[in-house]
Amino acid sequence: MKRAHLVEHMVSFKAFRTASELRSGVRNMLIGIMADTHDKLTSIDEAVAQLNQRKVELVLHAGDFIAPFVVPRFKPLTAKLIGVYGNNDAEREVLKKNFSELNAQIRGRFAEVNIGKMKIAMTHGDEEELVRSLIDIETYDLVVYGHTHEVKTYRKGPTLVVNPGETCGYLTGESTIALFNSETLDVEILPL
Ligand code: NI
């Protein structure tokens, strides 16, 4: 039943996609999307293993890492990681510094990531007005957020919106991350 729920997300998104929406000038790359790891070390290890196995080139983390002691668990990740703070990330400067020693960068509460012509916005999601505004402004090809711990993928106008669900699995019992293909614009939800 849980699997069926996840598959539904994938199918409903694909129904929105048409060939004309494919972006030219964007190199085909896989981007991992994750959020709300909440100190769950085993889930982080599993996520990193799957992201490496799928040869993801970039990982976007939408916040709520929680304590800085989780940072070394991201060390085996081969992709570059870009993250933003969540509302539960307290020791922000330590998190930022520790991640900067890996192939990783914590940007603040908001990150804009440009891949060729593709514009991506990421924020944790506790500031609901900000998320709504980032979607409604129709500037971004992809808006990434987390915080609700629930998988959500949909298109609004020119913008694809992705919440990868919770890596930790604490609230829903489902640990999930997402894979985004920059060329086909497909989003795949991966259960851990
Ligand atoms: Ni949160």
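A polar contact here is a pair of N or O atoms within 3.5 Å, and the side chain of D64 makes one with the backbone nitrogen of N87, at 3.3 Å. The model is predicted. D64 and N87 both belong to the set of residues that coordinates a nickel ion.

**Nickel site**

- The nickel ion has four ligands: D64 through OD, N87 through OD1, H124 through NE2 and H147 through ND1, at 2.1 to 2.3 Å.
- The angles among the four donor atoms run from 86 to 176°. Four donors count as tetrahedral if all angles lie between 85 and 135 degrees, and the site of the nickel ion is classed as irregular.
- For reference, four tetrahedral donors have an ideal angle of 109.5 degrees.
- Along the chain, the donors are spaced as D-x22-N-x36-H-x22-H.
- D64 and H124 are 60 residues apart, and the pair links distant parts of the chain: the loop between β2 (58–61) and β3 (80–83) holds D64, while the loop between β6 (118–123) and α4 (128–136) holds H124.
- Both D64 and H124 are buried.

**D64**

- D64 is located in the loop between β2 and β3.
- The relative accessibility of D64 is 1%, so D64 counts as buried, the limit being under 20%.
- Not counting residues up to four places away in sequence, D64 touches D36, T37, H38, G86, N87, N88, D89, H124 and H147. Three of the residues named there, N87, H124 and H147, also coordinate the nickel ion.
- V84 is 20 residues from D64 along the chain, and the C-alpha atoms of the two are separated by 8.4 Å.

**H124**

- H124 sits in the loop between β6 and α4.
- With a relative accessible area of 0%, H124 is buried.
- A polar atom of the H124 side chain lies 2.7 Å from the backbone oxygen of A62.
- Leaving aside neighbours within four places in sequence, the contacts of H124 include D36, A62, G63, D64, N87, R109 and H147. V84, Y85, G86, Y145 and G146 are also in contact with H124.

**Salt bridges**

- Side chains of opposite charge can pair when their charged atoms come close. The whole structure contains seven salt bridges.
- E101 pairs with K97, with the closest N and O atoms 3.0 Å apart. E101 is exposed, at a relative accessible area of 55%.
- E112 and K119 form a salt bridge at 3.5 Å, N to O. Both residues are partly exposed: E112 has a relative accessible area of 31%, and K119 has one of 26%.
- D136 and K156 form a salt bridge in which the closest N and O atoms are 2.6 Å apart. D136 is in helix α4 and K156 is in strand β8 (residues 151–156), so the pair ties together parts that are 20 residues apart in sequence.
- D136 is partly exposed, with a relative accessible area of 40%, and K156 is partly exposed at 39%.

- V131, L134 and I135 are buried in α4. Viewed down the axis of α4, its buried residues fall within an arc of 95°, so they line one face of the helix.
- The cover over the buried residues of α4 includes the strands β5 (110–115), β6, β7 (142–144), β8 and β9 (159–164). One of these, β8, also holds K156, the salt-bridge partner of D136.
- D141 is found in the loop between α4 and β7. D141 is buried, with a relative accessible area of 10%.
- The side chain of D141 reaches the backbone nitrogen of K119 at 2.8 Å, and the side chain of K119 is paired with E112 in a salt bridge.

Note on methods:
Residues numbered from 1 in each chain as written. Predicted model: local features only at pLDDT ≥ 70, side-chain atom pairs only at ≥ 80, totals over all residues. Heavy atoms only, no water. Donors = N, O, S within 2.8 Å, 3.2 Å for Na, K, Ca; no water. Tetrahedral: all angles 85-135°; square planar, octahedral: opposite > 155°, others 65-115°. Helix = DSSP H or I, 4+ residues; strand = E, 2+ residues; numbered from the N terminus. Buried < 20%, exposed > 50% of the residue type's maximum accessible area, 1.4 Å probe, protein only. Salt bridge = Lys/Arg side-chain N within 4 Å of Asp/Glu carboxyl O. Arc of directions from axis to C-beta. Contact = heavy atoms within 4.5 Å. Polar contact = N/O pair within 3.5 Å; in protein donor to acceptor, adjacent residues only side chain to side chain.
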